[in-house]
Amino acid sequence: RVFELLGVAGELSDAVRMLVQTYETGLARYRVQDWDGAEAAFRECIEIAPMDSPSRAMLERIATFRQAPPAADWDGVWVAQTK
């Protein structure tokens, strides 16, 4: 698991809370290989926070999986090929 520090609990802006909720939706859809749903959620994240690197990375992964889908029993793990 990877965590991103977004701020002090209870002091997050509405935009950050919306970003987290939308990202979690995208991640859930990604894990069940709902590429369209995941892509839509991560694009919404970019609208909320244009420089959101995690959402941009997920969009790149989705593009890769659209070209070469993972196996049906895929466990959601992404294996990085480069740094």
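At what angle do α1 and α2 pack, and how far apart are their axes? They pack at an angle of about 160°, and their axes lie 7 Å apart. Axes here are lines fitted to C-alpha atoms, for helices over the stretch in contact, and angles run from 0 to 180 degrees between N-to-C directions.

This is a predicted model, in which local features need pLDDT of at least 70 and side-chain atom pairs count only at pLDDT 80 or more, while totals for chains, interfaces and linings use all residues. Residues are numbered from 1 along each chain as its sequence is written, and side-chain values use heavy atoms, with hydrogens and water left out.

**Stop 1: α1 and α2**

Select residues 14-31 for α1 and 35-48 for α2. Helices are DSSP runs (H or I, at least four residues), numbered from the N terminus. The angle of α1 to α2 makes the pair roughly antiparallel (over 145 degrees; under 35 counts as roughly parallel, 65 to 115 as roughly perpendicular and the rest as oblique). Contact means heavy atoms within 4.5 Å. Among the residues making this contact are M18, L19 and Y23 of α1 and W35, A38 and F42 of α2.

**Stop 2**

Now show α1 by itself. Its 18 residues reach 26 Å from first C-alpha to last, close to the 26 Å expected at 1.5 Å a residue (1.5 Å times one less than the number of residues). Colour L19, T22, G26, L27 and Y30, which are buried (under 20% relative accessible area; exposed is over 50%, partly exposed in between, with a 1.4 Å probe and protein chains only). Looking down the axis of α1, the buried residues fall within an arc of 145°, so they line one face of the helix. The arc is that of the directions from the helix axis to the C-beta atoms. On the other side, D14, Q21, E24 and R31 are exposed.

**Stop 3: α3**

Select residues 53-67, which form α3. Its 15 residues should span 21 Å, and the end C-alpha atoms are 22 Å apart, which agrees. Which residues of α3 are buried? They are S55, M58, L59, I62 and F65. They fall within an arc of 125° seen down the axis, so they line one face of α3. S53, E60 and Q67 are exposed on the other side. The cover over the buried residues of α3 includes α1 and α2.

**Stop 4: α1 with α3**

Show α1 and α3 together. Their axes come within 12 Å and cross at roughly 20°, and the two helices are therefore roughly parallel. Y23, L27 and Y30 of α1 make the contact with P54, S55, M58, R61, I62 and F65 of α3.
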